[in-house]
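Dear colleague,

I am handing over the structure we spoke of, and below it you will find my notes on what turned up in it. Please read them alongside the coordinates.

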Amino acid sequence: MEPEVTYAELKFPPTAPPPRKGQAAVVRTAVTTTGKTPVPSPASTKLVWTLAILTLMLLVLVITLSILSVRWSSQLQERTAEVMQYSANATLLSEEVMYFSKKWDTAQQNLTQLLAEYDTMTWLYQNLSVSFQNTNETLQGMLEQQRQAEEHWTQMWQWLQGRNLFQCSREDMSGYTAIRCRSCKEEWTFQNLHCYYFSEEVQNWWISRQWCMSHKSQLVSVNSREEQVFINGRSRNSDDTFWIGYSDYQKEGQWLWEDGSSNILNFWKRREPDNYKGVENCATTEQTGSVFSWNDDNCMRRLRYICEKDTDEVFFNSTGVFS
């Protein structure tokens, strides 16, 4: 509850002249004198209270400022401590940055060196790859040569199975020695660079001719007296009769050899050829004890036959065999 305040009323004369210069203004206050303690006027009381309130407010303001000052001082100290801590951290961080910067420079140098070594290794790898490829190609070539050599020797061995070699001679080639031979199959007979086949089976002249052709030969053509003697010497008995490659089936009386030779030698028996019954168009050789042993006979008669061909020439070297 607010205290009771007695207000004093100040009254100024409405028409009072302004005070003269140097003359103090007189305030007339009506005071009631009753013999009691004078009562302050309302204006004085109001002034006192105003001063008291102002003083209190000032005190509150001072206290508040003091509190704020203390708090601000504490906060300032905390901020100062934080700044110092940040500064220390910044210094430490700077040192770490310098440390890692040195590490980075070292890493950069190492990386540069590693890149140089990588380029060197890449160059070496490329060279090694080329060398490996060349070596591999060389090896493949050697393996291929070995395979071909094995194949050639296998073919040679298979080819030589059932063959006889004759008149072999050594020949010096460029850088190596070769062997050249003449060859006939086992069932064929070698004579004067020719191979002769004296059949055991009997066939007519046409089938005999076909068999010889299928074996890369022809019915024998007699081109010399020595060959005639050789053929007759193969007869085992007087009944041996062989077809030879001499005929006039194309034109009667015009005898021709199967190999197309124009040999005019002949070894006809006496009174032959006679074309008996007009059907004897193919020539045979018989065992008569004489070199003159030819006879004309029916081409459909079944007799043994003689095939003839040149010898196979076999050439041996380091890589294979050729014939």
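Predicted model: local features only at pLDDT ≥ 70, side-chain atom pairs only at ≥ 80, totals over all residues.

Aromatic pairs

Over the whole structure, a search finds 20 aromatic pairs. In one of them, the ring centres of W188 and Y197 are 5.4 Å apart and the planes meet at 40°, so the pair is tilted; W188, with a relative accessible area of 5%, is buried. Another tilted pair is formed by W211 and Y305, with 5.8 Å from centre to centre and 55° between the planes. Because W211 lies in helix 2 and Y305 in strand 10, this pair ties together parts that are 94 residues apart in sequence. As to accessibility, W211 is partly exposed at 23% relative accessible area, whereas Y305 is buried at 1%. There is also a cluster, in which ring pairs link Y246, W255, W257, F267, W268, F292 and W294.

Strand 6 and its partners

Strand 6 (241-247) deserves a paragraph of its own. Seven of its seven residues are buried, so the strand is largely enclosed by the rest of the structure. Both of its faces are covered, with T241, W243, G245 and S247 buried on one side and F242, I244 and Y246 buried on the other. Strand 6 runs antiparallel to strand 8, to which four bridges join it, and in that pairing S247 stands opposite C282. With strand 7 the sense is again antiparallel, over two bridges, and here the bridge partner of S247 is L256. With strand 10, by contrast, strand 6 pairs in the parallel sense over two bridges, and W243 stands opposite Y305, the residue that also forms the aromatic pair with W211.

In soluble globular proteins, nonpolar side chains tend to be buried together. The largest nonpolar core here has 17 residues, and those with the most contacts inside it are F198, I231, I244, Y246, W294 and I306. Strand 4, helix 3 and strand 6 each supply at least two residues of this core, and strand 6 gives the most, with three residues. Apart from this core lies another, of 14 residues, among them C195, Y197, L219 and Y305. As for I244, if its neighbours within four places in sequence are left aside, this residue is in contact with W205, L219, V220, W257, A283, T284, T285 and W294.

The N-terminal end of helix 2 is capped by N204, which has a side-chain oxygen 3.0 Å from the backbone nitrogen of W206, while just after the helix K216 takes a positive phi of about 55°. In helix 3 (residues 225-233), the buried residues are E227, Q228, F230, I231 and N232, and what covers them includes strand 3 (189-191), strand 4 (194-198), strand 8 (280-286), strand 9 (294-298) and strand 10 (304-310).

Backbone points to check

Most residues other than glycine have a negative phi, and most peptide bonds are trans, so the following places may interest you. L193, which is not a glycine, has a positive phi of about 65°; this residue lies in the loop between strand 3 and strand 4 and, at 34% relative accessibility, counts as partly exposed. R271, also not a glycine, has a positive phi of about 70°; its place is in the loop between strand 7 and strand 8, and with a relative accessible area of 66% R271 is exposed. The loop between strand 7 and strand 8 also holds P273, and the peptide bond leading from E272 to P273 is cis, with omega near -5°.

With best regards

Terms used:
Residues numbered from 1 in each chain as written. Heavy atoms only, no water. Buried < 20%, exposed > 50% of the residue type's maximum accessible area, 1.4 Å probe, protein only. Contact = heavy atoms within 4.5 Å. Core = buried A, V, L, I, M, F, W, Y, C linked by side-chain atoms within 4.5 Å. Pairing = 2+ DSSP bridges. Polar contact = N/O pair within 3.5 Å; in protein donor to acceptor, adjacent residues only side chain to side chain. Phe/Tyr/Trp six-rings, centres within 6.5 Å; stacked < 30°, edge-to-face > 60°.
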